[in-house]
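Dear colleague,

Please find below the structure that I am handing over to you. My notes on what was found in it follow.

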Amino acid sequence: MTEPLPTETKDTTQTPPAEAAPASATPKLEEQLAAAKQEAAANYDRYTRAVADLENFRKRTIREKDELRQFAASSLMEDVIPILDNLGLGLAAARQQHEVSAIISGVQSVLDQFKNTLTRHGLKEIDPAGQRFDPHFHECIAHQPSAEVAEENVIQVVRLGYSLNGRLLRPASVIVSSGPVKDTSA
């Protein structure tokens with residue numbers, strides 16, 4: 001006896017076709033793409049604004065720097081104007097005055113006022129008389145033998161030096177001792 005072959009049972013649950021799965025994912029991908037485009041546009045907008053802000057900052061900094069350079073000396077000039085006034089008054093008085101000592105006293109007073117004003121603004125006088133020669137602050141214009149002044153010390157200051165807030169503007173021009181005269185007759 002032959003047994004009947006088992007019949008194949010048909011599965012009633014259907015699997016969706018392979019094309020249907022991406023179709024359901026497509027709206028999700030489109031939403032992600034739209035969100036990414038929107039984020040990219042926002043980032044680009046922030047970028048262009050940052051570049052514009054940086055350019056405006058650069059221009060403003062250049063403008064402020066130029067203004068600072070133009071008006072940096074204004075406080076000094078405000079302090080120097082009264083000295084100019086005093087020099088004018090002194091010159092007018094000197095024309096009427098016949099006594100030299102009064103003129104000398106007036107000019108000395110104006111010179112002191114001028115030096116004090118410049119000192120308040122950071123100018124320092126370099127007067128190395130009697131000091132050891134320092135090439136960082138002094139300019140040697142001559143060597144001269146001297147029995148009284150030690151070798152490599154300043155004998156005479158020809159022209160004062162000046163520094164502004166610790167920065168050398170002009171070295172002091174000096175004559176430096178080369179020590180006692182050496183006997184070359186031996």
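Helices (H or I, at least four residues) and strands (E, at least two) are taken here as DSSP runs, numbered from the N terminus. Glu55 and Arg58 both belong to helix H1, three residues apart, which is about one turn of the helix. Please note that the model is predicted: local features need pLDDT of at least 70, side-chain atom pairs count only at pLDDT 80 or more, and totals for chains, interfaces and linings use all residues. Residues are numbered from 1 along each chain as its sequence is written, and side-chain values use heavy atoms, with hydrogens and water left out.

Salt bridges

A salt bridge is counted when a side-chain nitrogen of Lys or Arg lies within 4 Å of a carboxyl oxygen of Asp or Glu. By this rule there are six salt bridges. One of them joins the side chains of Glu55 and Arg58, at 2.6 Å from N to O. For accessibility, buried means under 20% relative accessible area, exposed over 50%, and partly exposed in between, with a 1.4 Å probe and protein chains only. Glu55 is partly exposed at 31%, and Arg58 is likewise partly exposed at 43%.

A salt bridge is also formed by the side chains of Asp79 and Arg120, at 3.5 Å from N to O. This pair links distant parts of the chain, 41 residues apart, with Asp79 in helix H2 and Arg120 in helix H3 (residues 100-120). Asp79 is partly exposed at 26% relative accessibility, whereas Arg120 is exposed at 58%.

Arg159 and Glu139 make a further salt bridge, their closest N and O atoms being 4.0 Å apart. Arg159 lies in strand S3 (residues 154-159) and Glu139 in strand S2 (residues 138-144), so the pair ties together parts that are 20 residues apart in sequence. Arg159 is partly exposed, with a relative accessible area of 37%, and Glu139 is partly exposed at 36%.

Helices

Helix H1 (residues 20-71) also holds Tyr44 and Tyr47, three residues apart, about one turn of the helix. Rings of Phe, Tyr and Trp (its six-membered ring) pair if their centres lie within 6.5 Å; planes under 30 degrees apart count as stacked, over 60 as edge-to-face and the rest as tilted. The structure holds one aromatic pair. Tyr44 and Tyr47 form this pair, which is tilted, at 6.1 Å centre to centre and 40° between the planes. Both tyrosines, Tyr44 and Tyr47, are exposed.

Helix H2 (residues 74-96) bends by about 25° at Val80, and Pro82 follows within four residues. The bend is the angle between axes fitted to the seven residues ending at a residue and the seven starting there.

Nonpolar core

A nonpolar core is a set of buried Ala, Val, Leu, Ile, Met, Phe, Trp, Tyr and Cys residues joined through side-chain atoms within 4.5 Å. The largest such core has five residues: Ile126, Val154, Ala172, Val174 and Val176. Strand S6 (residues 172-177) gives the most to this core, with three residues.

Contact means heavy atoms within 4.5 Å. Beyond its neighbours within four places in sequence, Val174 is in contact with residues including Phe133, Glu139 and Val154. Phe133 is found in the loop between strand S1 (123-126) and S2. Residues touched by Phe133, not counting those up to four places away in sequence, include Val154, Val174 and Val176.

With kind regards
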